[in-house]
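Trainee: I would like to learn how to read pockets, cavities and strands in a model. Can we go through one together?

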Amino acid sequence: MFEMELPLQQIYITRKEISPYCLRTPLVRSPKLSEGLRSIVYLKLENLQEIGSFKVRGAANKILGLTPEQKIKGVITASTGNHGMAVSYVAKRVGIPAIICVSEAVPKNRIETIQRLGARAVVFGASQDDAFTKMKELQEQYGYISVHPFDDLEVIAGQATIGLELIEDLPTLEMVLVPLSGGGLISGIAHFLKTVNPSVKVIGISMEQSPVMYHSLKAGVPIQMEEKDTIADSLRGGIGLNNQYTFRFVNQLVDDVILVSEEEIAQGMAYLFSEHRLIVEGAGAVGVAALLSHKVKPFGNTITIVSGRSIETSRFLDAISPYQSFDLD
Ligand SMILES: *Cc1c(COP(=O)(O)O)cnc(C)c1O
């Protein structure tokens, strides 16, 4: 359906180009998630990426595709989370400058991480919006190239390489659960899988706390919402009122969007720790949360994308501590 905009061959080319920067992550079985059901559930472990999340795929594809002139100018973003880290990481390895605009509210350790990754942190204003305004200003003034976290075909092509790996590793897959925020991850995966086989079910999973794509789909147009606090903090934020790509992709390709509560997400994190000894951030555990809560029933060979691991130790321990019953038998 989007073959004109993003030909599958381009995704194969992308996979080859980004391979020095991205791991080909493993797909592992998680038998307890489908106990008693005629189904097998697998986890795609993007939390094992060197920089901690799948975002490195899109960032690498975008940055590698810049012209030499653009590379000399350098890249800029306002994300302090996984996207900002991925952009810093790729820029350093490619040897080009990166600037991350952050607000004064961003914790010191986050700023130190960005600096350790070789990027320049520009601290400005009290909110994320202020940091974003500063980014626009610097971009216009100095011609830095901004790397969008999701609404960009190059970024979507990078995330689509996950779909390619899934088909290679499990050609009989029937259903995929994908954490959903701005929709770059699910757009790429759904586009690849549905082009190969339109009957594969692709389900987006968001948190109950301000799921912007979910409500935008209901409204039929991109909408804005007030952000709420959530343990799945990497899923926070809007989709952009003048969204170019991901709203259309998700609207046409995704079969359903399911919402999970804060408790369900914490249970998902506890499950991944007790069963697999994985430390996964809230956003990375929403697919497991949807299965554990039976909000999604696995169907045949089902894959859930474990998207990242960026969470502070104390926050992780607080989240999983009510669920000691999940501990090893
Ligand atoms: C960014 C992110 C997501 C959501 O990706 P979108 O492309 O914005 O939908 C999910 N999980 C983690 C860990 C992320 O960093």
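**Reading the model**

Mentor: Start with Met-85, which lies in helix H4 (residues 82–94). Helices (H or I, at least four residues) and strands (E, at least two) are DSSP runs, numbered from the N terminus. This is a predicted model, in which local features need pLDDT of at least 70, side-chain atom pairs count only at pLDDT 80 or more, and totals for chains, interfaces and linings use all residues. Residues are numbered from 1 along each chain as its sequence is written, and side-chain values use heavy atoms, with hydrogens and water left out.

Trainee: Is Met-85 buried or exposed?

Mentor: Buried means under 20% relative accessible area, exposed over 50%, partly exposed in between (1.4 Å probe, protein chains only). Met-85 has 10% relative accessibility, so it counts as buried.

Trainee: What is Met-85 in contact with, leaving aside its neighbours within four places in sequence?

Mentor: Contact means heavy atoms within 4.5 Å. With those neighbours set aside, Met-85 touches Ile-51, Thr-113, Leu-117 and Ser-310. Look also at Gln-115: its C-alpha atom is 9.8 Å from that of Met-85, and the two residues are 30 apart along the chain.

Trainee: How do I find empty space?

Mentor: Rolling a probe the size of a water molecule over the atoms shows where empty space is left. The search uses a 1 Å grid over the protein atoms alone. A cavity is a set of points where a 1.4 Å probe fits but cannot get out. A pocket is an open set with protein on both sides within 12 Å along at least five of seven lines. Lining residues have an atom within 4 Å of a point. Grid points are joined across faces, edges and corners, and a volume is the space filled by probe spheres set on the points.

Trainee: Which residues line the second largest pocket?

Mentor: Met-85 is one of them, and others include Ile-51, Asn-109, Thr-113 and Ser-310. The space in this pocket is about 220 Å³. Helix H5 (residues 108–116) gives the largest share of the lining, three residues. For classes, Ala, Val, Leu, Ile, Met, Phe, Trp, Tyr, Cys and Pro count as nonpolar, Asp, Glu, Lys and Arg as charged, and the others, Gly among them, as polar. This lining has three nonpolar, four polar and three charged residues.

Trainee: How many cavities of 30 Å³ or more does the structure hold?

Mentor: One. The largest cavity has a volume of about 30 Å³. Its lining includes Ser-206, Met-207, Ser-210, Pro-211 and Val-212. E8 and H9 each supply at least two lining residues. By class, the lining of this cavity has seven nonpolar, four polar and no charged residues.

Trainee: Where does Ser-210 lie?

Mentor: In the loop between strand E8 (201–207) and helix H9 (212–219). Ser-210 is buried, at 6% relative accessible area. Its phi is positive, about 60°, although Ser-210 is not a glycine. A polar contact is a pair of N or O atoms within 3.5 Å; within protein, one must be able to donate a hydrogen and the other to accept it, and residues adjacent in sequence count only if both atoms are side-chain atoms. Here the Ser-210 side chain reaches the backbone nitrogen of Lys-228 at 3.3 Å. Beyond its neighbours within four places in sequence, Ser-210 is in contact with Met-225, Glu-226, Glu-227 and Lys-228.

Trainee: Which other residue has a positive phi although it is not a glycine?

Mentor: Arg-277, at about 55°. Arg-277 sits in the loop between helix H11 (262–276) and helix H12 (286–292). Arg-277 is partly exposed, with a relative accessible area of 40%.

Trainee: How do I read strand pairing?

Mentor: Strands of a sheet pair through backbone hydrogen bonds, either parallel or antiparallel. Two strands pair if DSSP finds at least two bridges between them. Take strand E10 (residues 300–306): seven of its seven residues are buried. Strand E2 (residues 39–45) pairs with E10 in the parallel sense over seven bridges. Strand E7 (residues 173–179) runs parallel to E10, joined by four bridges. At Thr-304 in E10, Leu-43 stands opposite, and Leu-177 is a bridge partner.

Trainee: What is the strand order in the open sheet of four strands?

Mentor: The order is E5-E4-E3-E6, with parallel pairing. Strand E5 (120–123) and strand E6 (145–146) are the edges, each pairing on one side only. Strand E3 (residues 75–77) and E6 run parallel, joined by two bridges. Val-75 has Ile-145 in E6 as its bridge partner.
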